[in-house]
Amino acid sequence: MSQTESEVPQNYFHKPLDIPILLSGTFGELRSNHFHSGMDIKTQGRTELPVEASAEGYISRIKIQRYGYGKAIYITHPNGYQTVYAHLNHFSPDIEAYVKQAQYKKESYTIELFPAEDKIKVNQGELIAYSGNSGSSGGPHLHFEIRDSNSRPMNPFLFGFKDIQDTKAPMIRGLYAYPLTKESIVDGKRSRKKIKLSKIGKDTYKAEAIDAFGEIGFGFDAYDQFDLAYNKNGLYSAEAFENGKKIFETKFDRFSFAETRYINRMIDYAFFKEHKKRIQKLFLQSNLNLDLAQKNDHDGILRMDQDSTSITYRIDLKDYMGNTKTIQIPVETKRASELPEIEEKRTPYFAQSNYASAFDNNQIDVYIPKNALYEDTYLDIQFGFNEIKVHEYTTPLHKSMSIGFDVSEFSEEDKSKLYIAKIFPWGSYYYSNTKKKKNRFVTYTKDFGTYGLKFDNEKPTIKPVNFRDGKWMSNYRYLKLEIDDAETGIDAFHATVNGEFILMEYDYKTKILTHDFNDNAVTETRNKLKVVVTDKVGNTRIFEANFNRKK
């Protein structure tokens, strides 16, 4: 039992689904811009499986949003921990009624509620919801989290969720060596090098010997699998040893949401952007504040100099059940006889990571806050006509930079349809959240790239799905419409029947708006439906139709 495991209650939390637990996602998995904060439980490809409270407590938060977790419930427990249940289809009857009452009062599908401690108490095993595919889910499953009293996600396996078959050691897709300074080399080169591996045992590999000089680090690309699932999951821990002495360890027991974006410093970000594969580094660099990465005074870095002879570097990659894959790497010290000088590309736009930076050409301005960059960088900035290229997409940003455009030359009518877009090299573009302040439009983004002003004059589209004008809907439970906006996307929608608000749920993945007649908001026989949909620059489409329904 690990030290962290001994500090938390065992068998206090029960599984939230009454089915054999198979996982499609594990705690700490490397995801886009974040670590995965829970475990994704397979729901047999279905929705509507009963979701039960993992332990007694009270529902302290209910959130419904179009993206992210979709429909989610948060339960606070007497011992200070909190559990989270996300991507739900709908809630248990009493909770559903409570939420819908609030939605009708606010006249909004998206809502966030914080019930009082004595409002919705639950017992362990009590039905709270039904599994679904809401929000940014890629398929039906239940996202389940356990958080500590400081709202930090913790690995559910620490609490005893171990009835999952796993006898497979992690799989290695690639091993890489990194020269980390201008003076460092690996096999005579200053660039990342992929290292060949040979299998010497069931779960042991030996790497080809490498020659190195200066400060050297390593990284790996690997995944784990459970016995009864084919999903490629994240690893639990990675340890690095120099001549048998541990010099680095990453262990996914717990992290804070404030840390999660440091994933882009922990991985080889440029490699990921170019190849869509994540190499996890086994060394620490500047401006990487991750408690889950443990180190000694070496920071996981090998220092190969003239006093060194040879080093055996070892990597142990583990899943939570202790299945281990080991890599042995012989490293020899060797200076390069001759290396070309490094040509550093200098530009007029030098940004220091520990200071804020601002650049402009009177029409367009860029502001990069302190600690947004991980390293001091000469930025490639190119100002154009109502367009700007801000550096390279292969460089990560930890905080949002702002890009501002002077729009005083545009008429008020034009400004109402104008927005800032991110523009790709092949010509496509998409809406970047645009703040309009009189004659200055601003977008805040964590992605380098090209941004420019675009017009959107097209209204959203609204199409009935399961009815037509004048149709009798007595035998239907749902009223459905498809809404879409080709350019900037849907910003808001509002529906009424006979002038009174009706709740419509929106699934952005299918583009479907749905009203449930079981809400009992429609009480007349003859009804006039009105749906108003607005895109992100304010273009509005109004749809009207009549339908009939017996009382």
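Which residue in β37 is the bridge partner of Lys-436? In β37, that partner is Phe-441, and the legends below put this pair in its setting.

This is a predicted model, in which local features need pLDDT of at least 70 and side-chain atom pairs count only at pLDDT 80 or more, while totals for chains, interfaces and linings use all residues. Residues are numbered from 1 along each chain as its sequence is written, and side-chain values use heavy atoms, with hydrogens and water left out.

**View 1. The whole chain, for orientation.** The protein chain has five helices and 47 strands (DSSP runs numbered from the N terminus: helices are H or I with at least four residues, strands are E with at least two). Its C-alpha trace spans about 90 × 65 × 35 Å along the principal axes. Of the 551 residues, 51% count as buried (buried is under 20% relative accessible area, exposed is over 50%, partly exposed is in between, using a 1.4 Å probe and protein chains only). Take the contacts (heavy atoms within 4.5 Å) between residues at least 6 apart in sequence: 68% of them join residues at least 24 apart.

View 2. Four bridges connect β36 with β37 (residues 440–447) in the antiparallel sense.

View 3. β40 runs parallel to β47 (residues 540–548), and two bridges join them. Look for Lys-471, whose bridge partner in β47 is Phe-547. Now for the side chains: Lys-528 forms a salt bridge with Glu-544, with the closest N and O atoms 3.9 Å apart (a salt bridge is a side-chain nitrogen of Lys or Arg within 4 Å of a carboxyl oxygen of Asp or Glu). Lys-528 is in β46 (residues 526–535) and Glu-544 in β47, 16 residues apart. With a relative accessible area of 43%, Lys-528 is partly exposed, and Glu-544, at 45%, counts as partly exposed too.

**View 4. Ile-73 and the largest nonpolar core.** The largest nonpolar core has 67 residues, and Ile-73, Ile-128, Leu-529 and Val-531 touch the most other members (such a core is a set of buried Ala, Val, Leu, Ile, Met, Phe, Trp, Tyr and Cys residues joined through side-chain atoms within 4.5 Å). Strand β42 (residues 490–497) gives the largest share, four residues.

**View 5. Arg-61 and Glu-112, paired across two strands.** The side chains of Arg-61 and Glu-112 meet in a salt bridge, 2.7 Å from N to O. Arg-61 lies in strand β6 (residues 57–64) and Glu-112 in strand β9 (residues 111–113), so the pair ties together parts that are 51 residues apart in sequence. Glu-112 counts as partly exposed because its relative accessibility is 32%.

**View 6. A network of salt bridges around Glu-239.** Salt bridges link Glu-239, Lys-246, Glu-249, Lys-251 and Lys-318 in a network. Within it, Glu-239 pairs with Lys-318, their closest N and O atoms 3.4 Å apart. Glu-239 counts as buried at 8% relative accessibility, whereas Lys-318 is partly exposed at 25%.

**View 7. Asp-224, buried without a salt bridge.** Asp-224 lies in the loop between β19 (210–223) and β20 (237–242). Asp-224 is buried yet has no salt bridge, and the nearest side chain of opposite charge, Lys-168, is 8.5 Å away (Lys and Arg count as positive, Asp and Glu as negative; His and the chain ends are not counted). Leaving aside neighbours within four places in sequence, the contacts of Asp-224 include Asp-166, Lys-168, Asn-233 and Asp-319.

Key
Two strands pair if DSSP finds at least two bridges between them.
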